[in-house]
Amino acid sequence: MLRAARYGKGPARMLTLFYLLVLEQVLQGLYSLWDGLRWLHMAQRRIGSHAGFYAPRVALFCPVKGIEPGLEQNLAALTSFDYPDYDIFFSIASAEDPARKILEKLVASSKHKTHVIVAGRPEGCGEKVNNLRAAVEQAKDGYEVFVFCDSDGRPGRSWLSHLVAPLADPHLGAVTTFRWFFQQRHGFWSALASAWNAPAATYLGEHDHNFCWGGGTAIRRERFEQASVFDFWNGSVSDDLSLTAALRRMGAPITFAPECMVPTLFDCDAAELLEFTNRQIIILRVYESRLWTQGGLAHLLYCGAVLLGVGLYFSELIQGGPAIHLLLLAMLPPVLSMARGVLRLTAAMEILPAWKSKLLAESWVWTLLAAAVPFLALWNTAVALFSRKIRWRGIRYLLLSPGQTRILTR
């Protein structure tokens, strides 16, 4: 009664709501830490296991557009795997693409047969999807496995062997992995993008709701054709989530290979950060609406607890009442978020030993900035609620549905 009399009904209710939000966030944070430990142990177990001996002939597909930082080194890495038998199919939309000179140089120097496919302009689908369709159509009989990758990643020499080997199990739908962003110029916005990207990697794991990632997915050709992936790519802007939908329709499981995590060099300014993150969440809303809803709710509860606690703290401070406990409670969710970031960083250092020094030097990116990521993600969720327009590699799209895309400007 004294508390109600002091605060009034409205403020007392806000205080009660704050306590409930903090309690929910602490319980959720503790569960996330337990889940993070489990993910770390899973990654350690996978790293220590033998890749296997399954090594059929592979067609490796990589869509390319324009010159990006480190492009030549990235593409050169694709020609240097220790895998015994694979051909490479680079695909571009136009013969005038500035990356073509680099591609032709690689064709001349690669020890593996390398093709450059000119796909032409897309009509009613994403340019990446159009490039991939054209490249897959050029892969004639003789390839048992298809592998898809991106031009901005730089995988290690054993990457292809580890990604393909689990397909020895004929019941698998696909094997997939994810990226780990590294900033190049040490800018804040690039660092925030790296921190924003990290939680998505640990969403994948040993469960039945994995999704395919276009920068690193292996699938048997027979499974690709059985799943009618081309049909799912019709009118799509997302090659990987459409592939995921095709495999889910036929009940084919997707296995996650953390040992195949792809180092990806990435730099952006504030506008490019928002363009990238908004695009990812808009695509998620269109293709995986349940996951978008769950993520948006989680970010809302986190941000609500922190902002409400800080607001109550300043309100009490102004009124001369005891306030420090409110600020301490409001900081609990960010502290737990940073602790989860430490677990992710620990796992990344074990998965990517060649990058360990860079991971340690920039550890604040994936630990301290983890506390700020939900605020950016909540903004992305709000943008996706009101817009289905994205900009990707200079082309603007309107995503009407998973199978219907409208090209607005090229």
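User: In which sense do strand 1 and strand 2 pair, and over how many bridges?
Analyst: Strand 1 and strand 2 pair in the parallel sense, over six bridges. Pairing here takes at least two DSSP bridges between two strands, and strands are DSSP runs (E, at least two residues), with helices being H or I runs of at least four residues, both numbered from the N terminus. Within strand 2, Ser-91 is the residue opposite Pro-63.

User: Before we go on, what kind of model is this?
Analyst: It's a predicted model, where local features need pLDDT of at least 70 and side-chain atom pairs count only at pLDDT 80 or more, while totals for chains, interfaces and linings use all residues. Residues are numbered from 1 along each chain as its sequence is written, and side-chain values use heavy atoms, with hydrogens and water left out.

User: How many residues of strand 2 are buried?
Analyst: Seven of its seven, across residues 86-92. Buried means under 20% relative accessible area, with exposed over 50% and partly exposed in between (1.4 Å probe, protein chains only). Tyr-86, Ile-88, Phe-90 and Ile-92 point one way, while Asp-87, Phe-89 and Ser-91 point the other way.

User: And what joins strand 1 to strand 4?
Analyst: Four bridges, with strand 1 (residues 58-63) and strand 4 (residues 145-149) running parallel. Ala-59 faces Phe-146 of strand 4 there.

User: What's the strand order of the sheet?
Analyst: The order is 3-2-1-4-7-5-8, in an open sheet of seven strands with mixed pairing. Strand 3 (114-118) and strand 8 (254-256) are at the edges with a single partner strand each, so one side of each has no neighbour in the sheet.

User: Switching to packing: which residues touch the most other members of the largest nonpolar core?
Analyst: Leu-75 and Val-147, out of 91 residues. A nonpolar core is a set of buried Ala, Val, Leu, Ile, Met, Phe, Trp, Tyr and Cys residues joined through side-chain atoms within 4.5 Å. Helix 11 (residues 270-287) gives the largest share of this core, eight residues. Another core, of 26 residues, lies apart from it and includes Ile-117 and Trp-233.

User: What is Leu-75 in contact with?
Analyst: Leaving aside neighbours within four places in sequence, Leu-75 is in contact with Cys-62, Val-64, Phe-90, Ile-102, Leu-103, Leu-106 and Ser-151. Contact means heavy atoms within 4.5 Å.

User: Why is helix 10 called largely enclosed?
Analyst: Because eight of its 11 residues (239-249) are buried. Among them are Asp-239, Asp-240 and Leu-247. After helix 10 comes Gly-251, with a positive phi near 70°.

User: Where does Ser-242 sit?
Analyst: In helix 10. Ser-242 counts as buried at 2% relative accessibility. Its side chain makes a polar contact with the side chain of Ser-236 at 2.6 Å. A polar contact is a pair of N or O atoms within 3.5 Å; within protein, one must be able to donate a hydrogen and the other to accept it, and residues adjacent in sequence count only if both atoms are side-chain atoms.
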